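Subject: Structure handover, cavities and helix packing

Hi,

Here is the structure we talked about.

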Amino acid sequence: MVTGERRAAQRPVPVVAGVDVATAAVRVLCVDAQGRVAAEGRAALPAPVRGPGGRSEQDAGSWWPAAAAALRQATSALPGRGCEVVAVAVSATSGTLVPADADGLPLGPALMYDDRRAADLNAEAQELGADRWRALGLSVGPTAALGRLVWCVRAYDAVRYVLHTPEVLGRWLTGGPVAADWSHTLKTGYDPRAGCWATEVFDALGVPADLLPPVHPPGTQVGTVGPLAAAETGLPVGCRVRLGMTDGCAGQLATGAVAPGQFVGVLGTTYVLKGVARNLLVDPAGALYSHRHPDGWWLPGGASNTGGEALTSEGTSGSARLGALDAAADARGPASHVCYPLLREGERFPFVAGDARGFVSATPVDEADRHRGVLEGVAFLERLALDRVAALGAEVTGPLHAAGGGSRSALWNRIRATVLGRPLRVAEHAETAFGAALLAAAGTLHPDLATGAERMTGAGRLVEPLEVERAALEDAYGRFREELGRRGWLPSGD
């Protein structure tokens, strides 16, 4: 006779799978209810083919074999009969589209997120929907997916659907068409504020109303894994398929920044600020735009043209070299000058200035001083970004979540915390696949996204401001703003 205690011990531990379809590879993480990674998988994708006219294409037929292989690798690595995948969600690059036939099969290559072939169509779409985009705080740029959608309609007579990456994989997983989420569809012409497609733009440009799928909030269940997909992936038949979000949004969720007032500073090659606001922020300068939160709030964010690459441009690449410079810069204290380490001509966030140029207010004393100035300059830019979102009406509370390669520098984190006057919480997980797993867990392993984030993302590592340097860095930040203002780059009133 099997006791109740024995039966409980035999039950498999439920886990969820997050799938990240990036440009170069598909990554899968299987994660339990406490945020522990139980298994992972990876499979390469063919490199995009880039050509004349800004074309950027990838073989859409490669996505499912790679996703199936990565899922099979992950599910095969789960401990014996100890774990069972109960839900899966897919995240991918924003704005990648595939023209498909009536069976949902690709008619041609995927048009990638950075494809510029439809820049003229996007300019037309911007004018046709100007009032809608203004209310949404969004502009239709040269690489927006909306123009590529129109291009697909005009280029393929047999086109029946135009699909985003997760809908392509959703069809394979479930065996039938699936809905889209309001994150992947934002740049294709879906208005998450009004809850509808931009039909006035579609009608004017000749896009049929039934070409695109219905749209639901991220995390919504849209089907279950069928027997064919189960055989290829190792996922169980009946595993729930839930909607994901774009890679950037999923990466934000993975840090734990999921509630109003919580923001994350991603310090990678460039600097990106993302957060959660109760209300839609509309920036007249167009420096930021917002995705919609799965729970109906908003996810404002923007990307600067400064960031970690500034260290490389200074000739300080290499972990050992950077470590030595960090130690020297730490010993010398605040920089003798103010630096704006712009990576290229023009700035896009937290202000928009096409004529912006990097500057140094005075000649650095030595290499350590120059290095310290770059670290402080990026930190000043981060504070300016937080000041900007606060001026637009966003509440900013608690520690700033920190992610990206730059967050591995203890000195840089401390400078950032001191400049901001608030702690930094260095995220344990900042991966897109983990964020997708979190969306799969909401309503499956946990009652909602907030509970899932609290229990799965971890406490992170807290970095406190250094009070002894606060006054010097506050003064330097004031001079940084003065330099920007004197050059006419800051919006009036900032």
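Four elements each supply at least two residues of the largest cavity's lining: strand 6 (83-92), helix 6 (165-174), strand 10 (180-181) and strand 15 (240-246). Helices (H or I, at least four residues) and strands (E, at least two) are DSSP runs, numbered from the N terminus. Strand 15 gives the most, with four residues.

The model is predicted: local features need pLDDT of at least 70, side-chain atom pairs need 80 or more, and totals for chains, interfaces and linings use all residues. Numbering starts from 1 along each chain as its sequence is written, and side-chain values use heavy atoms, without hydrogens or water.

The largest cavity has a volume of about 90 Å³. A cavity is a set of points on a 1 Å grid over the protein atoms alone where a 1.4 Å probe fits but cannot get out; lining residues have an atom within 4 Å of a point. Of its 15 lining residues, V90, P166, V241, R242 and L243 are the closest to the centre.

The second largest cavity holds about 30 Å³. Its lining includes W63, M112 and T165.

Helix 2 (residues 63-77) packs against helix 6 at about 65°, with axes 10 Å apart. Helix 2 is therefore roughly perpendicular to helix 6 (65 to 115 degrees, on a scale from 0 to 180 between N-to-C directions). W63, W64, A67 and L71 in helix 2 meet T165, V168, L169, W172 and L173 in helix 6 (contact: heavy atoms within 4.5 Å).

Best wishes

Notes. On a 1 Å grid over the protein atoms alone, a cavity is a set of points where a 1.4 Å probe fits but cannot get out, and a pocket is an open set with protein on both sides within 12 Å along at least five of seven lines; lining residues have an atom within 4 Å of a point. Grid points are joined across faces, edges and corners, and a volume is the space filled by probe spheres set on the points. Angles under 35 degrees count as roughly parallel, over 145 as roughly antiparallel, 65 to 115 as roughly perpendicular and the rest as oblique.
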